[in-house]
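These notes are meant for a colleague who is opening this structure for the first time. Please read them with the sequence and the model side by side.

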Amino acid sequence: MPTELTAECLAERATRGPRYTSYPPATELAPMSATDITPELARIGTAGDPISLYVHVPFCRSLCAYCGCNVIPTRDPKRGEAYVDDVLTELALLRDAVGTRLPVTELALGGGSPNFLEPHSLRRLVGGIEHYFARTDDIRMSVELDPRTTTSAQLETFGALGFRALSVGVQDFDPSVQDAIRRHQTIAQTRWLVERARASGFTDVNVDLVYGLPRQTEASMASTLDAVLDVAPERIALFGYAHLPSKLPHQWLVEQAGRVLDAYERSCLLLLAIEKLARAGYVHIGLDHFARPGSSLARAADERRMVRTFQGYVEHRADAILGVGVSAISSTPHMLWQNHADLGPWRNALRARDLPVARGVVLDEDDRLRRTIIGKLMCDGEVDLAAASRAHAIDPAVYFAHELAALADLDDLASYDAAACVIRATPMGRVLVRNLCMVFDRYQRRGARDAFSTTI
């Protein structure tokens with residue numbers, strides 16, 4: 001039976017598991033080379049359908065203690081110029097592999113901090129993309145920017161190049177929390193960036209927040225939310241802090257500053273945010289994302305066009321996402337692969353005129369079916385098993401007998417309509433949707449979940 005959505009219940013159900021920005025999870029990628037992905041790239045080129053393009057810029061001027069991204073801290077701007085040279089080489093190799101000038105319907109720059117690049121390097125980068133690929137008339141161009149280091153000249157350059165979607169990192173405005181995570185950023189800096197970006201042509205602003213950090217309280221979280229609501233972003237992403245110091249040694253610095261919050265404390269912060277954002281008119285579209293009614297992401301959620309990717313929740317623009325740059329991940333209907341995570345091997349592959357592929361996985365029939373089911377649960381909060389299974393010519397009641405039996409023990413998270421063959425998440429299941437997805441994740445049956453963050 002559905003259970004009341006309380007901090008106690010959320011904490012009790014919390015476990016560890018993937019964030020499901022891909023399926024299979026990125027932890028399942030195995031060693032792979034450029035020759036392994038050549039047939040898939042040729043297939044994409046032959047189809048000629050629009051693609052999404054992601055470019056990873058790994059550089060930041062400093063490394064925040066909480067950060068879980070692939071980051072290279074440096075203050076040398078020349079490293080950014082050299083990096084763009086290498087990215088252009090990778091774009092040329094990618095263009096040769098697909099065999100045509102594919103249309104790009106979405107371009108996303110992430111990091112790191114893409115604003116590490118100076119305006120002339122940004123123009124060279126986008127110019128190179130347009131040389132090797134063709135932007136569609138309705139292209140969506142987005143970028144992640146750091147309010148502490150972005151300049152007016154960079155914002156004007158992004159606006160002139162056609163970028164209209166912006167993601168701003170905030171995490172928390174409380175000075176004590178900022179001391180703990182070694183990231184200091186004022187409300188004034190953030191407001192300036194958002195206002196200056198809108199003046200430069202940006203129309204879709206997202207703000208990233210993090211809950212579960214040391215020294216956070218309900219009062220400090222409420223204060224941070226008030227400040228964010230005051231700049232009226234179209235979207236808010238409220239990520240649970242992923243404390244994984246065994247994988248990210250610099251996160252031990254967080255523990256030196258204070259105790260990492262437990263599941264109950266995290267649950268209290270999350271429920272406070274959900275309630276406060278709902279009162280402000282935001283729609284809780286899935287897991288940790290919120291959108292203003294009428295925004296493009298809210299419309300996509302309403303129309304079942306929202307998908308889950310390595311950028312989080314986004315509007316569906318293309319079936320194939322090609323990643324460029326250090327550690328970038330590509331996702332296609334049949335494969336996942338990732339570039340070398342370290343700058344040296346990535347650059348050496350390019351010098352040898354090879355695509356810098358380090359690892360990946362070919363999706364079998366079962367992977368593709370489970371990816372569909374998990375994607376529907378993550379984005380829609382429900383899934384029609386019969387519809388998802390039809391293309392695979394299976395009887396879902398038989399094929400998923402083990403999973404459906406497991407769901408019976410999670411009746412506070414989901415209901416199963418056997419007649420309609422539909423699974424629907426409860427309000428608590430929408431918050432703990434990663435728990436539901438793990439039921440259908442065959443790779444999680446091994447029980448080794450230490451590599452993942454908590455689901456609350």
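Predicted model: local features only at pLDDT ≥ 70, side-chain atom pairs only at ≥ 80, totals over all residues.

1. Glutamate 303 is partly exposed, because its relative accessible area of 47% falls between the 20% limit for buried and the 50% limit for exposed residues. Glutamate 303 sits in the loop that links helix H11 (296-302) with strand E12 (306-309). Its C-alpha atom is separated by 9.7 Å from that of aspartate 380, although the two residues are 77 residues apart along the chain.

2. Turning to the chain as a whole, the protein has 18 helices and 20 strands, and its C-alpha trace spans about 60 × 55 × 40 Å along the principal axes. The radius of gyration is 22 Å, which agrees with the value near 23 Å that a compact globule of 456 residues would have. Of the 456 residues, 57% count as buried. Among contacts with a separation of 6 or more, 74% come from residues 24 or more positions apart.

3. In soluble globular proteins, nonpolar side chains tend to be buried together. Here the largest nonpolar core has 122 residues, and those with the most contacts inside it are Leu53, Leu107, Phe163, Ile373, Leu385, Ile423 and Phe440.

4. Which residues does leucine 53 contact, once its neighbours within four places in sequence are left aside? They are Leu91, Leu94, Val104, Glu106, Leu107, Ala108, Ile129, Leu322 and Val324. Leu107, one of these contacts, is also listed with leucine 53 among the residues that have the most contacts inside the largest core.

5. Helix H5 (residues 152-161) deserves a separate look. Its buried residues are Gln154, Leu155, Thr157, Phe158, Gly159 and Leu161, and they pack against strand E5 (103-111), helix H4 (119-132), strand E6 (134-145) and helix H7. Just after H5, glycine 162 adopts a positive phi of about 110 degrees.

6. The axes of H5 and helix H7 (residues 187-199) come within 9 Å and cross at roughly 35 degrees, and the crossing is right-handed. On the H5 side the contact involves Ser152, Leu155 and Glu156, which meet Trp192, Leu193, Arg196 and Ala197 of H7. By class, this contact comprises four nonpolar, one polar and two charged residues.

How values were computed:
Residues numbered from 1 in each chain as written. Heavy atoms only, no water. Axes fitted to C-alpha atoms, helices over the stretch in contact; angles between N-to-C directions. Helix = DSSP H or I, 4+ residues; strand = E, 2+ residues; numbered from the N terminus. Left-handed = near helix turned anticlockwise from the far one by under 90°. Contact = heavy atoms within 4.5 Å. Nonpolar A, V, L, I, M, F, W, Y, C, P; charged D, E, K, R; others polar. Core = buried A, V, L, I, M, F, W, Y, C linked by side-chain atoms within 4.5 Å. Buried < 20%, exposed > 50% of the residue type's maximum accessible area, 1.4 Å probe, protein only. Rg over C-alpha atoms; globule rule 2.2 N^0.38 Å.
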